Amino acid sequence: MVSGSPAARRGRARALGARTFSSLRVRNYRYYFAGQSVSLVGTWMQSIAQSWLVFTLTRSGTDVGLITAVQTLPILLLGPVGGTIADRFGKYRILLATQALAGVQAAVLSVLALTGSLQLWELFVMAASLGCINMVDNPTRQTFIVELVGRDQLPNAVTLNTVMVNVARAIGPAVAGVLIAQVGAGWCFFVNALSFVFVVAALVALRKDELLPTPRAVRAKGQLVEGFRYVSRRPLLRNALLMMAVIGLFTYEFQTTLPLMAGTTLHGDSQTYGFLTAFMGAGAVVGGLVAAGRGNRSPRRLATTALAFGASTALAALAPSTSTEELALLLVGAASVTFLSLANSTLQLEADPEMRGRVMSLWSVSFMGTTPIGGPLVGFVAGAVGARAGSHRPRSDPDGGAGTTPRRRHPS
């Protein structure tokens, strides 16, 4: 048949590729995507270094959970304030400021670490400062995408953005694990600080006249409360946020469970930790590219994807060996990125433009702001009864040091 000919198959492949990467045809989004790609690798490197430093200093699952909790506490407490700022002011200028400040925070950490003066309390203070920056940066960054590509390309751009995060998750932790073991954690902070030069340069290079700015909310009393009322009156928005809150609380505690799994159950080192994170990131890249090529978006598909995410997490929790755990983590990554991109694009497209920042700030609260509760809780459970018990999140790694587990080191 003609439809099965090589030419026809090549045509279908080209069409699929065009759909998968359609938003990258927009020049501004290409620049933004490139800058964020570099920066996010550095961000993951810093995240790995921070959690591993806390673990090596304390050997405490609770403390590992607390450092993550401290970093996300500002989002939980003040997330809607960040969303209101995103709705009221120009998102481009906000991003320039927040990305530059995040670079300064990483630079300070690198100086403290490389001079050998970094202490545990300083790690907590710096984590809290980054949380305050992210409180404004997260809803602004989420809602800036529609100003880059417009409504029609938003689902594809959000999915590719999520793929980008997970490519960074596959690369950053693996590089960080090697770097920590060879030269120390301070260089991970330095690389992250350097990466923000690229993202700021990409923002400066955007063509401002090609942006599609959304209407700004006029300053008025009760804007914070108005965001909650708006969501409560929209069942799809309300249900998607509630779903995200539950999953965010009980599933996305990777930074807490993985260091414990790598360092205790697997008797490994920072490289073990980095590569375990990378496996999930690799699965997320594949799943995200598949999702980007599919245009359909519906509440039913969102619910089905959430169920698939739960099933793959259960497989990861029950995996009996290193190899089966790695396979399970690939599935977890694929289901995770599909769920995130669907939920994100659903919220952004369903929300009115002048409310989008506040809606996405509640997304940040649901996704990241639940960590101050879930992180210490999971860390306490893992520390009390073992890392596997705490990892009925997407993180139950095999017991024993078979195959891919290097000998233990204690990098500083």
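These notebook entries record what I looked up in a predicted model.

I began with the UniProt entry, which is unreviewed and lists residues 31-52, 64-82, 94-114, 184-206, 236-252, 272-290, 327-347 and 359-385 under "transmembrane region". I then checked two of these ranges against the model. Residues 31-52 come out as 100% helix and 0% strand, with the end C-alpha atoms 32 Å apart, while residues 184-206 are 83% helix and 0% strand, with 36 Å between the end C-alpha atoms.

**Nonpolar cores.** Next I looked for the largest nonpolar core and found that it has 44 residues, those with the most contacts inside it being Tyr29, Tyr32, Phe144 and Leu148. Two or more residues come from each of helix H2 (27-58), helix H3 (61-88), helix H4 (91-114), helix H5 (120-149), helix H6 (154-183) and helix H7 (186-204), and H2 gives the most, with 13 residues. I also noted another core, lying apart from this one, of 26 residues, with Ala240, Ile247, Leu302 and Val359 among them.

**Tyrosine 32.** What does tyrosine 32 contact, leaving aside its neighbours within four places in sequence? I found Leu95, Arg141, Phe144, Ile145, Leu148, Asn161, Leu203 and Leu206.

**Other salt bridges.** The count for the model comes to six salt bridges. In one of them glutamate 210 is paired with arginine 207, with 3.2 Å between the closest N and O atoms; glutamate 210 is partly exposed at 35% relative accessibility, and arginine 207 is partly exposed at 40%.

I then turned to arginine 234 and aspartate 352, whose side chains meet in a salt bridge at 4.0 Å, N to O. This pair links distant parts of the chain, 118 residues apart: arginine 234 is in the loop between helix H8 (223-232) and helix H9 (235-250), and aspartate 352 is in the loop between helix H13 (322-350) and helix H14 (356-367). I noted arginine 234 as partly exposed, with a relative accessible area of 26%, and aspartate 352 as partly exposed, with 32%.

Finally, I recorded a network of salt bridges that links Asp87, Glu226 and Arg358.

Conventions: Residues are numbered from 1 along each chain as its sequence is written. This is a predicted model: local features need pLDDT of at least 70, side-chain atom pairs count only at pLDDT 80 or more; totals for chains, interfaces and linings use all residues. Side-chain values use heavy atoms; hydrogens and water are left out. UniProt positions are given in the numbering used here, feature names are shortened, and annotations may be inferred rather than shown by experiment. Helices (H or I, at least four residues) and strands (E, at least two) are DSSP runs, numbered from the N terminus. A nonpolar core is a set of buried Ala, Val, Leu, Ile, Met, Phe, Trp, Tyr and Cys residues joined through side-chain atoms within 4.5 Å. Buried means under 20% relative accessible area, exposed over 50%, partly exposed in between (1.4 Å probe, protein chains only). Contact means heavy atoms within 4.5 Å.
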